[in-house]
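Let's take a walk through one part of this protein. Have a look at the model first, and then we'll follow the chain together.

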Amino acid sequence: TWKIEVLGGYTSAILLLIVAISMVWQSVERLWSPAPIHYDEAIAVAAIGLAVNLICAKLLHAHHEHDDHHGHEHADHEHHDLNLRSAYLHVLADAATSVLAIVALLGGRFWGVVWLDPAMGIVGAALVARWAWGLLKSTGKVLLDAEMDAPVVAEVREVIAATPARLSDLHVWRVAQRKYACIVGLEVAAPASPDDFKRALSVHEELVHVTVEINRAEPATGTPS
């Protein structure tokens, strides 16, 4: 069920990309066909939007810092809540576009640079798309069980390297925040029990479900002289 949070972050990233595409489309339209702008009202709305998003960003950042001070010491703690990160990126994207909108509207209001508003819309869309793409990649890796760069993978390899077995296959995936399952394929020369290797791996508490498959190694055959 933890992946529902990750799915929320993934969906949020897709929505951000759609917003970015919409911003580009409308900005290009305005470059070709400028429309009259009520500058004073637009600046006021953009300023209110900026204030609201800055408050939301501060609250989300404070929540993230609170979590980090309560035992999140694992090396991948920065990815501990992708859903929270997606919400944070949403408000940052809104805040950034509000700033760009204010700059563009001030330019149009006082210097008559009417093209600045749609131009800033394209710049804002690029920022939103960049943040969304990063979030899409990080959440997609979790949803596809493709986090083989997690620190726990190296830890599993170290444990197996200290045994007589040879690692033939390894797959690790996240099942909860900082909790992992793994499948370990081993080749051994002498009879061995999977429980022996599970006990060796149990020193890493983040491994909550371990499957060990053991195969007898084929004896080396010499070449006839």
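Start with a right-handed β-α-β unit, built from β2, helix α6 (residues 194-201) and β3. Keep in mind that this is a predicted model.

The strand that opens the unit, β2, covers residues 179-188 and is mostly tucked away: seven of its ten residues are buried. β2 pairs with β1 in an antiparallel way, and with β3 in a parallel way. Here is how the two pairings look side by side:

| Strand pair | Direction | Bridges | A bridge pair |
|---|---|---|---|
| β1 (residues 166-176) and β2 | antiparallel | nine bridges | His 171 and Ile 183 |
| β2 and β3 (residues 207-216) | parallel | nine bridges | Gly 185 and Glu 213 |

How do you get from β1 to β2? The two strands form a hairpin, with two residues between them. Look for Arg 178 in that turn, where phi is positive, at about 60°.

Now for the inside. Which residues have the most contacts within the largest nonpolar core? They are Val 184 and Leu 207, in a core of 19 residues. Two or more residues each come from α5 (151-161), β1, β2, α6 and β3. Apart from this core lies another one, made of seven residues, including Leu 16, Ala 20, Met 23 and Ala 93.

Leaving out residues up to four places away in sequence, Val 184 touches Val 156, Ile 160, Leu 167, Asp 169, Leu 170, Leu 201, Thr 211, Val 212 and Glu 213. Glu 213 is also the bridge partner of Gly 185.

Note on methods:
Residues are numbered from 1 along each chain as its sequence is written. This is a predicted model: local features need pLDDT of at least 70, side-chain atom pairs count only at pLDDT 80 or more; totals for chains, interfaces and linings use all residues. Side-chain values use heavy atoms; hydrogens and water are left out. Buried means under 20% relative accessible area, exposed over 50%, partly exposed in between (1.4 Å probe, protein chains only). Helices (H or I, at least four residues) and strands (E, at least two) are DSSP runs, numbered from the N terminus. Two strands pair if DSSP finds at least two bridges between them. A crossover is right-handed if, with the strands pointing away from the viewer, the path from the first strand over the helix to the second runs clockwise. A nonpolar core is a set of buried Ala, Val, Leu, Ile, Met, Phe, Trp, Tyr and Cys residues joined through side-chain atoms within 4.5 Å. Contact means heavy atoms within 4.5 Å.
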